[in-house]
Amino acid sequence: MPEPRETAVYTHGHHESVLRSHTWRTAANSAAYLVPSLRPHMRILDVGCGPGTITADLAALVPDGQVTGVDREPEILERARATADGRGLANVDFAVADVHAMDYPDDTFCVVHAHQVLQHVGDPVRALREMRRVVKPGGLVAVRDADYEAMTWFPASGGLDHWLDLYRRVARANGGEPDAGRRLKAWALRAGFTDVTATSGTWTFATHQERAWWSGLWADRTLASAYADRARQGGHASVAQLRAVADAWRQWGEREDGWFSVLHGEILCRKDV
């Protein structure tokens, strides 16, 4: 078997503006399609767990089970451990892992979950095969990813049009697929799953507080995160162009009639018994 491909460069990095978004994520707003399938005794693997807010929620939902959160970045796992410790959760642990080749035996977990992961990996089909390998027969692989091209907003903004084009170019140059949401079912079928339920879900930002938060984190991310560095270093945008995009985000956020929706693809894949 060939060696697994290197995971794609993580476009966002872990700047404060990125973690501002990631720590907002919960099982309720990011894994609602999975929650009805959970049972108290389950053993769950949370792939690409980041700062661990969803991981902690999953652990609270399976009080008689165990949740393992894995990520490629050891530093972010310290943040995840602090999240779990702060909530007094004893049934959660964390480890460094690459989803292309995980150090777990076959048929280990009842559920393998990944949120906003496959858009960033070098070989999403191989990643799904690996998730399929470590889930038990009859168990579930649950994946949710945004679809950038399907994001939409009001009012129209040439600056946000430029942001979307720029982000998609930077993400693809890093080896990822920013429009992953629409591809999840196809990837799952290629990975060998035959029982795939495909749905979709959205995040919507429309109130004054929601607009200020969403526009602010993207304006900051455009200027100061690893994404900004990669946009400049890769020749995709100048400093002046990035500033113009950040200004467009802030201008949109100040609009009383502003509205932004993020579409996500979701799949529940049951492993054959």
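Entry 1: I began with Thr-202, which stands opposite Leu-263 in S8. Strand S7 (residues 195-205) pairs with S8 in the antiparallel sense, over 11 bridges. For pairing, DSSP has to find at least two bridges between two strands. Strands here are DSSP runs of E with at least two residues, helices are runs of H or I with at least four, and both are numbered from the N terminus.

I then checked S8 against S5 and found antiparallel pairing over 7 bridges. Val-141 has Cys-269 in S8 as its bridge partner. Strand S6 (residues 152-154) also pairs with S8 in the antiparallel sense, over 3 bridges. There, Trp-153 stands opposite Phe-260 in S8.

**Entry 2: what I am looking at.** This is a predicted model, where local features need pLDDT of at least 70, side-chain atom pairs count only at pLDDT 80 or more, and totals for chains, interfaces and linings use all residues. Residues are numbered from 1 along each chain as its sequence is written, and side-chain values use heavy atoms, with hydrogens and water left out.

I looked up pLDDT, the predictor's confidence in each residue from 0 to 100. The protein averages 93, and 94% of the residues score at least 70. Over residues 1-6 the pLDDT is below 50, and this stretch has 12 contacts (heavy atoms within 4.5 Å) beyond near neighbours in sequence.

**Entry 3: cover and core.** Is S8 mostly covered or mostly open? It is mostly covered, with 9 of its 12 residues buried. Buried means under 20% relative accessible area, exposed over 50%, and partly exposed in between (1.4 Å probe, protein chains only).

Next came the nonpolar cores, sets of buried Ala, Val, Leu, Ile, Met, Phe, Trp, Tyr and Cys residues joined through side-chain atoms within 4.5 Å. The largest has 30 residues, and Val-47, Leu-128 and Met-131 touch the most other members. Elements that each supply at least two residues include strand S1 (43-47), helix H5 (124-134) and strand S8 (259-270). The largest share, 5 residues, comes from H5.

I followed Leu-128: leaving out residues up to four places away in sequence, it touches Val-141, Trp-187 and Ile-267, among others. A second, separate core of 29 residues includes Phe-205 and Leu-217.

**Entry 4: cysteines.** How many disulfides are there? I count 0, taking a disulfide as a pair of cysteine sulfur atoms within 2.5 Å. For Cys-110, the nearest cysteine sulfur is that of Cys-269, 16 Å away. Cys-110 counts as buried because its relative accessibility is 15%. Cys-269 is buried too, at 0%.
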